[in-house]
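Have the model open beside you as you read.

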Amino acid sequence: MPKIKILSADVANKIAAGEVVERPASVVKELVENAIDAESTSIRVEIRAGGKRLIRVSDNGSGMEREDALLALERHATSKVSRIEDLEKIHTFGFRGEALASIASVSQFELLTRTADAIQGTKINVEGGVFRSVEESGCSPGTHISINNLFHNVPARLKFLKTDTTEINHIIKQVTWAALAHPKIHFSLSHNGKSILDVRACDSNLERARLLYGKEFADNLIEFDEELPDFKLSGLLGKPDFTKPNREYQLFFMNQRPIRSQMLGAALKEALGATIQKDRQAVALLFLTLEPDTVDVNVHPAKIEVRFRNERTIFSGIVRMIRNVIHKEKFIPKIETQPTSTEEVEVENKTPRTPQQIPTPQPRPQPTFSTGKTVEPIETPQQEDVPMEKVETETLNTQPTVDEDIKPTPEVPRTVVQPPQQAIPEGAMLKLLDFENVELKANLFKTYIVAEGEDKIFFIDQHVAAERVLYERFVNQMKTDGIPVQILLLPVTLEATPQQVAILKVHEEIFKKIGFELEEFGANTILIRAIPAPLPTRTAAQTVTDLLDKLPEQPHTEIELPEALDNALVTLACRSAVKAGDTLDTKEMINLIRELSEAKHPFNCPHSRPIIIEMGRDELERRFHR
């Protein structure tokens with residue numbers, strides 16, 4: 001058996017470097033964090049060959065005296081921690097005391113530093129972990145560290161580095177994250193002598209985002225600041241029509257430290273699930289502030305992953321905060337065009353940006369206008385909901401139409417949205433989603449309700465609005481007395497495939513929970529004897545077919561069952577709602593908007609499609625060149 005021996009300092013440092021220094025971007029991260037800890041107001045990063053030949057980080061921070069500079073290059077040397085208890089109240093970034101020693105062990109390392117009150121600075125050269133020289137040298141106050149030929153003495157690590165383009169992209173991300181977290185610091189980054197980033201110090205996260213990503217990106221963000229007793233959440237949230245195909249623009253920071261967090265990602269998804277299309281991702285820069293003793297930042301060598309002490313409380317708090325932002329900011333897409341006159345265009349920072357830094361502009365609806373006839377009210381076909389404009393007020397028929405030989409139970413109304421109890425004067429002013437007062441104006445193409453507010457117009461899709469109202473109604477009914485059931489005098493016959501019949505046997509309980517009574521009748525026939533009360537009889541067979549096609553062949557687990565039920569309610573709401581082309585009278589439209597105003601998520605249907613689109617008066621006037 002081999003004898004146990006103590007590793008030499010050289011080998012120990014190289015092993016530590018394997019944890020701390022993964023690639024050039026890791027070096028940049030450690031050096032930039034040290035510069036931030038030194039209370040710098042300006043940090044300059046210079047790179048050559050993707051960081052393989054040179055990484056230089058210069059700051060104007062507090063600098064170090066000779067003795068401290070020498071100690072900083074020893075392993076486990078730090079000014080941030082002296083007792084184990086100090087780890088629970090860390091407010092700084094580089095506290096492990098391994099970064100400089102590890103970096104110096106796998107590079108040609110030069111440190112030049114001076115405090116503001118010193119006449120001379122200190123210059124230290126280290127190569128492969130071995131001190132080569134220590135001398136006095138003139139330099140500006142602060143610290144300037146140069147890393148030449150990274151991994152030159154560890155060829156196995158060097159060969160695993162990627163192309164210069166890949167490595168510089170990782171470095172850009174690190175500097176961008178640091179710049180977002182610290183807007184009051186000036187950051188610059190150059191590669192092979194070419195400026196990549198140069199962002200001045202500013203006072204807000206929104207202004208820093210504008211400098212980094214451009215005016216159009218920043219104009220599509222909502223800035224917010226929310227607080228609970230245990231923590232604070234501020235950030236920038238993309239407007240409802242400003243989304244991305246991936247999560248690249250979902251960035252999380254904890255006490256100004258960029259982190260990866262599945263919990264924060266899940267909370268964001270939970271809060272925005274009803275407002276973002278299923279195939280799109282929200283834009284969100286979230287800054288979480290909490291006491292250091294409630295989180296462990298020492299989980300990962302690179303300190304990119306953290307562990308929260310009370311994860312459940314933080315999760316629910318963030319969901320609540322973001323939903324509050326959505327409701328306060330009125331998450332409604334707007335029809336806008338970009339200004340065309342040079343006077344309206346703000347002169348932007350001319351810093352070159354890499355393609356990864358420039359967000360792709362999202363397409364905006366560009367409607368055309370044409371003359372049309374006044375919409376005349378027509379009797380509503382057994383659906384329901386919503387308000388409209390100057391159209392004659394008629395008494396709403398609450399009795400549903402019924403197929404010739406299939407009658408619903410008399411005590412269960414069939415309309416999708418219940419009619420108002422009192423007549424409403426034509427042109428009545430309504431409070432729409434806690435906005436300012438609006439007036440119903442028209443119903444376009446038997447699909448879109450038009451309402452006028454103060455200096456703006458709202459276009460409301462009647463089908464997706466009814467979907468949202470019905471879905472939330474079904475969810476509430478499931479939690480209380482259950483969805484009302486409509487017994488059919490004559491059952492509806494559904495011809496099914498053997499696979500669908502087999503799936504019905506597996507998931508029969510789901511159908512019962514949402515109001516269906518189904519019975520096998522022969523080999524491949526299903527009898528529909530009862531349906532959810534709001535569902536039109538004519539759509540019953542297709543609704544059951546849709547549900548059967550979406551359900552798996554195997555039973556759901558306890559974890560999967562709630563999601564399966566929710567998906568079934570979404571389908572039921574879609575099939576029960578009024579459709580595009582259905583005619584609504586004034587009372588029905590007013591009623592729909594009233595119920596929508598009371599919805600928990602009034603801005604998007606359960607499929608996340610927008611319900612309302614807003615157009616400002618100024619936009620309309622711009623279109624007409626007024």
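## Ground rules

Two strands count as paired if DSSP finds at least two bridges between them. Strands (E, at least two residues) and helices (H or I, at least four) are DSSP runs, numbered from the N terminus.

This is a predicted model, in which local features need pLDDT of at least 70 and side-chain atom pairs count only at pLDDT 80 or more, while totals for chains, interfaces and linings use all residues. Residues are numbered from 1 along each chain as its sequence is written, and side-chain values use heavy atoms, leaving out hydrogens and water.

## Strand 7 and its partners

Let's begin with strand 7. Five of the six residues in strand 7 (residues 186-191) are buried, meaning under 20% relative accessible area with a 1.4 Å probe, protein chains only. Strand 1 (residues 42-48) runs parallel to strand 7 and is joined to it by six bridges; E46 stands opposite S190.

Strand 8 (residues 194-199) runs antiparallel to strand 7, with five bridges between them. H191 has K194 as its bridge partner. The two strands form a hairpin with two residues between them, and N192 in the turn has a positive phi of about 55°.

## Enclosed spaces

The structure holds three cavities of 30 Å³ or more. A cavity is a set of points on a 1 Å grid over the protein atoms alone where a 1.4 Å probe fits but cannot get out, and lining residues have an atom within 4 Å of a point. Points are joined across faces, edges and corners, and volume is the space filled by probe spheres set on them.

The largest cavity has a volume of about 120 Å³. Its lining has 14 residues, and those closest to the centre are V32, E33, Q174, A178 and P258. Helix 2 gives the largest share of this lining, five residues.

Methods
Buried means under 20% relative accessible area, exposed over 50%, partly exposed in between (1.4 Å probe, protein chains only). On a 1 Å grid over the protein atoms alone, a cavity is a set of points where a 1.4 Å probe fits but cannot get out, and a pocket is an open set with protein on both sides within 12 Å along at least five of seven lines; lining residues have an atom within 4 Å of a point.
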